[in-house]
Amino acid sequence: MNQSTQRQQALVPLARSELWDMLIIGGGITGAGIAREAARRGLAVLLIEQKDFAWGTSSRSSKMVHGGLRYIASGDYKTTLLSVRERERMLTEAGGLVNEMHYVMPHYKDKFPPPWIFNTLLRVYDKIAGKRYFKYFKKDAFLRLNPNIKQDKFLGASQFSDAVTDDSRLVMRVLDEAIHDGAHAINYLKAESLITNEQGLVVGATLKDTASKDKDQTYKVHAKVVVSATGAWADTLRMQAREQTEQSFNKQIRPSRGSHLVVSQERLPTSQAYTFLHPADKRAVFVFPWENRTVLGTTDLDHPPLNDEEVGITNEEVDYLLAATNSLFDDTDLSREDVISTWAGVRPLIADSGNGKRVSPSKEKRDHSVWLDNNLVTVSGGKLTTFRLIALDVLKKCQKVLALDDSATQNQAINGDQVFSKVAPIHPKFATLPSDLQQRLQGFYGLQLDTLLELAHEEDLAYVTDSNTIWAEIRFAARFEQVIHLDDLLLRRTRLGLILPHGAMTPLISARLKQICQQELGWDEQKWQQEVARYTELWQRYYHLPAA
C-alpha cells in the first residue's frame with residue numbers, strides 16, 4: 001500500500017455524518033489518555049493532532065515516570081501521593097514500557113542536602129509507595145561500584161527508585177488501546193478554528209490537512225464536546241472560545257523549556273540515574289541511562305511564546321549540562337564533541353500569580369488545570385506520570401456538557417481487564433527472541449505484537465546496530481502507525497535519530513531504511529531524497545548542537 005492510500009484510509013472517519021461525542025485536539029499523552037478513557041465508556045471519539053502524534057512535549061520529556069520527590073520538600077504532598085500511586089500502577093500494568101530505575105544522590109561534606117535530611121524524605125517517599133526502595137551506601141561501598149565519581153569530601157550516597165519510559169511509545173501504546181475500543185486518531189490535522197453556534201457555544205472545529213498536497217483541504221467536524229489537550233499551546237483555542245462571548249482572557253500557560261544531551265555509554269557509563277544539585281544554581285539535574293546511552297538533563301527556563309516550529313537547545317544550556325556533569329565525575333571531561341544528539345521540550349506550566357510574584361519555572365507547581373469555556377474543555381499542566389488522573393478529571397468536567405456514565409470504569413487498568421504487559425502473543429517467532437526483547441516488545445506493542453511479528457521478515461528480528469530497536473519495529477510503524485515523514489519514524493515511532501550518530505543517517509542504516517520505506521510507504525527515489533533532505537535539516541537544527 002502506498003502512502004497516499006494509507007492517508008486516504010486514515011481520513012475516512014471524517015466522512016462520518018453522525019455527531020461525534022467528543023473531538024479531542026492534541027495527540028500527546030494527555031490527549032491519548034483522554035481518548036483512552038472516553039472510548040472505554042462507549043463514546044464516539046475523534047482525536048486529531050496538528051503535527052505527528054507525541055510531536056510536542058510528549059516525545060521530549062525527561063523519560064521519567066516519577067513521584068516527584070522534590071514536591072514533598074516543597075510541601076506539595078498531594079501531588080507526590082497521586083504521582084507515586086500512578087508510578088506504581090504503571091510499573092505493574094506496563095512492564096517493558098515503564099521500568100524501575102534506581103537513582104542515587106551522592107552526599108558531600110558541607111553541601112546540601114545532608115544525608116539525614118534527604119534520607120528522611122526518602123522514607124516518606126517509600127511510605128507513600130508502600131514499598132521499601134531506600135538504601136544508604138557508605139563511602140567505600142559506593143566508591144567500589146562508582147569509581148569515577150568525584151571523591152573529594154564524599155560522604156556516601158542515598159539510593160531510591162522511580163521509573164523510566166519511552167514517552168513517545170507510551171503515547172502510541174495508549175492511543176492503540178483507545179483505537180481498540182473504537183476511538184479514531186488522525187495526525188497532521190490542524191484545528192484551524194472553532195465552530196460555534198448562535199449562542200456562542202463551541203460545537204466543533206474546522207480542520208486543515210497539513211499532510212495533503214492540496215493546501216486548501218479542510219474538513220468541518222461537529223461534536224457534542226470539544227476538548228483541547230494542546231499542552232503549552234492551550235491558550236490559543238481557549239482565547240478563541242471566549243472571544244465568541246466577549247469574555248476577558250488572561251493567559252494561563254507559562255511555557256518552560258527543558259533540554260537534554262545524549263552521550264555514549266563508553267564516554268560516561270551508567271547503570272543507574274544520578275541526581276545532584278547543579279553547582280551554579282543548586283537546581284536538581286540528572287545523569288541517567290536510556291536506550292543504551294547516557295542522558296544529561298534537564299534545564300528549566302522560560303521559553304518565548306510558541307508557534308508551530310520545533311524547539312531546540314541553546315548553547316548556554318549545552319554548557320550548563322556539561323558543567324553539571326563534569327562537576328560530579330572525575331576525569332570525565334565531557335565536551336561538545338561527545339554529544340550524539342540533543343532534544344528540548346516545552347512544559348506547559350500553569351502560572352501561579354496568586355501572590356503577584358513571578359517565581360522561577362523550577363518553583364512553579366506541576367499540577368494540572370481543567371477549564372470549561374462555552375462548551376470547550378481545556379486541560380493543561382500536569383505530569384507524564386499522572387496522565388490517567390488528568391484524563392479522569394477532564395471527563396468529570398465534560399459531564400457538564402455530555403451525558404456520561406462514569407461509575408464503572410474509574411479504576412480500570414489501561415488495558416481494560418488485562419495488565420497490558422501480560423498480553424500473550426501466540427506467534428511462533430516470539431519464542432525465538434531474547435527474554436529482555438520479549439518484555440520490551442510486549443510493553444511497547446501489546447495487542448499489536450502478533451501483527452508486528454507476522455509482518456517481520458527473518459532479517460527484521462535483528463537489532464539496529466547497538467540499539468534496543470529491531471528492524472521489525474520500523475517496518476510495523478511504517479505500515480500501521482500513520483508515518484508521514486522520516487522524522488515521524490526516526491524521532492518518535494523509534495528513537496534511532498536520538499541515539500545513533502548523525503541521526504541514524506549513516507550509509508548502511510540509511511540504505512535499509514530506504515528499502516523499508518519504499519516497500520511499506522511506496523516512496524520512490526525522489527520522495528526518499530526529499531524526506532532525507534527535510535529530516536537532515538531538521539535534525540541538524542533542532543536535535544544536534546546549535547552553532548557555537
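1. A disulfide is a pair of cysteine sulfur atoms within 2.5 Å. By that criterion, a search of the whole structure, which is a predicted model, returns 0 disulfides.

2. On helix packing, α7 (residues 167–180) and α11 (residues 435–445) pack with their axes 8 Å apart and at an angle of about 60°. That angle makes α7 oblique to α11. The residues that meet are Arg 169, Arg 173 and Asp 176 from α7, and Gln 442, Gly 443, Phe 444 and Tyr 445 from α11. Sorted by class, this contact holds 3 charged, 2 polar and 2 nonpolar residues.

3. Arg 493 belongs to helix α14, which covers residues 486–493. What is its relative accessible area, and is Arg 493 buried or exposed? The value is 1%, and because buried means under 20%, Arg 493 counts as buried. Its side chain reaches the backbone oxygen of Glu 481 at 3.0 Å.

4. Setting aside neighbours within four places in sequence, the contacts of Arg 493 include Asp 52, Phe 53, Arg 169, Met 172 and Asn 187. Also in contact with Arg 493 are Ala 477, Glu 481, Gln 482, Val 483 and Asp 488. Arg 169 in this list is also one of the α7 residues that meet α11.

5. Asp 487 is likewise placed in helix α14, and Asp 487 is buried, with a relative accessible area of 2%. Which side chains make polar contacts with the side chain of Asp 487? One is that of Arg 492, at 2.7 Å; another is that of Arg 534, at 2.3 Å. Beyond four places in sequence, Asp 487 is in contact with Tyr 188, Arg 492, Arg 534, Tyr 535 and Leu 538.

6. Thr 206 sits in strand β9, residues 202–209. Thr 206 is buried, with a relative accessible area of 12%. Lys 220 is 14 residues away from Thr 206 in sequence, yet their C-alpha atoms are 4.5 Å apart in space. Not counting residues up to four places away in sequence, Thr 206 touches Thr 218, Tyr 219 and Lys 220, and also Lys 190, Ala 191, Glu 192, Ser 193 and Ile 195.

Notes. Residues numbered from 1 in each chain as written. Predicted model: local features only at pLDDT ≥ 70, side-chain atom pairs only at ≥ 80, totals over all residues. Heavy atoms only, no water. Axes fitted to C-alpha atoms, helices over the stretch in contact; angles between N-to-C directions. Helix = DSSP H or I, 4+ residues; strand = E, 2+ residues; numbered from the N terminus. Parallel < 35°, antiparallel > 145°, perpendicular 65-115°, else oblique. Contact = heavy atoms within 4.5 Å. Nonpolar A, V, L, I, M, F, W, Y, C, P; charged D, E, K, R; others polar. Buried < 20%, exposed > 50% of the residue type's maximum accessible area, 1.4 Å probe, protein only. Polar contact = N/O pair within 3.5 Å; in protein donor to acceptor, adjacent residues only side chain to side chain.
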